[in-house]
Amino acid sequence: MSGSVPEEALVVLTVSPAIEEAVIDWLLARREGSGFTSMPVSGHSARQQGLSNLEQVTGRQRRVQFQMEMRGQDVDAFLENARATFGGADIHFWVVPVLSAGRLGHATAAPSGR
């Protein structure tokens with residue numbers, strides 16, 4: 001990861017539904033983070049390559065998005081392992097710093113770093 005490393009980061013992956021179960025299994029086996037969230041999403045792009053006729057007409061491609069909070073220092077190894085595991089799979093990712101996180105049921109939300 002280039003630039004300064006945040007104390008906590010949110011890694012977001014968007015993947016083809018065809019590899020959803022494989023990504024779930026892989027994420028469940030990872031040591032980074034304490035869990036993840038997944039949801040169906042639609043990807044929109046001017047890029048037509050690899051889209052079915054229906055996707056080209058509707059202007060959207062079904063995707064599955066995964067969000068996982070982890071220590072910033074773990075992000076590079078996480079992404080490197082994802083590349084090694086999924087190689088040329090159509091996975092888009094981004095990493096953003098987490099400014100604050102916690103559970104609303106607790107007295108205060110801790111700044112990143114838990």
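## Sheet architecture

In this predicted model, Ser42 has Arg62 of strand β3 as the residue standing opposite. That pairing belongs to the contact between strand β2, residues 37-43, and β3, where seven bridges join the two strands in an antiparallel arrangement. Strand β3 also pairs with strand β1, which spans residues 8-15; here the sense is again antiparallel, and eight bridges are found.

Taken together, four strands make up an open sheet with antiparallel pairing, in the order β2-β3-β1-β4. The edge positions are taken by β2 and β4 (91-97); each has a single partner strand, so one side of each remains without a neighbour in the sheet. On average, neighbouring strands of this sheet are turned by 25 degrees against each other, direction ignored. Helix α1 lies across β1 and β3, and runs at about 5 degrees to β3.

Arg63 is located in strand β3, which covers residues 61-71. Is this arginine buried or exposed? Its relative accessibility is 8%, and because buried means under 20%, Arg63 counts as buried.

Two polar interactions of the Arg63 side chain can be described. One reaches the backbone oxygen of Thr14 at 2.9 Å. The other is a polar contact of 2.9 Å with the side chain of Asp90.

## Salt bridges

The count of salt bridges in the model is four. One of them is formed by the side chains of Asp90 and Arg63, with an N to O distance of 2.9 Å. Asp90 lies in the loop between α3 and β4 and Arg63 in strand β3, so this pair ties together parts that are 27 residues apart in sequence. The accessibility of the two partners is as follows: Asp90, at 40% relative accessibility, counts as partly exposed, whereas Arg63, at 8%, counts as buried.

Another salt bridge joins the side chains of Arg31 and Asp74, at 3.9 Å from N to O. Arg31 belongs to the loop between α1 and β2, and Asp74 to the loop between β3 and α3, so the pair ties together parts that are 43 residues apart in sequence. Arg31 is exposed, with a relative accessible area of 62%, while Asp74 counts as buried at 8% relative accessibility. Arg31 and Asp74 also belong, with Arg71, to one network of salt bridges that share partners.

A further salt bridge links Glu32 with Arg30, and the closest N and O atoms of this pair are 2.8 Å apart. Glu32 counts as buried, at 1% relative accessibility.

The model contains three aromatic pairs. In one of these, Trp26 and Phe78 adopt a tilted arrangement, with 5.0 Å centre to centre and 45 degrees between the planes. Where do the two residues of this pair lie? Trp26 is in helix α1 (residues 20-29) and Phe78 is in helix α3 (residues 75-86), so the pair ties together parts that are 52 residues apart in sequence.

Trp26 and Phe78 are both buried. Ring pairs also bring in Phe86, and the cluster they form consists of Trp26, Phe78 and Phe86.

Conventions
Residues numbered from 1 in each chain as written. Predicted model: local features only at pLDDT ≥ 70, side-chain atom pairs only at ≥ 80, totals over all residues. Heavy atoms only, no water. Buried < 20%, exposed > 50% of the residue type's maximum accessible area, 1.4 Å probe, protein only. Polar contact = N/O pair within 3.5 Å; in protein donor to acceptor, adjacent residues only side chain to side chain. Pairing = 2+ DSSP bridges. Phe/Tyr/Trp six-rings, centres within 6.5 Å; stacked < 30°, edge-to-face > 60°. Axes fitted to C-alpha atoms, helices over the stretch in contact; angles between N-to-C directions. Contact = heavy atoms within 4.5 Å.
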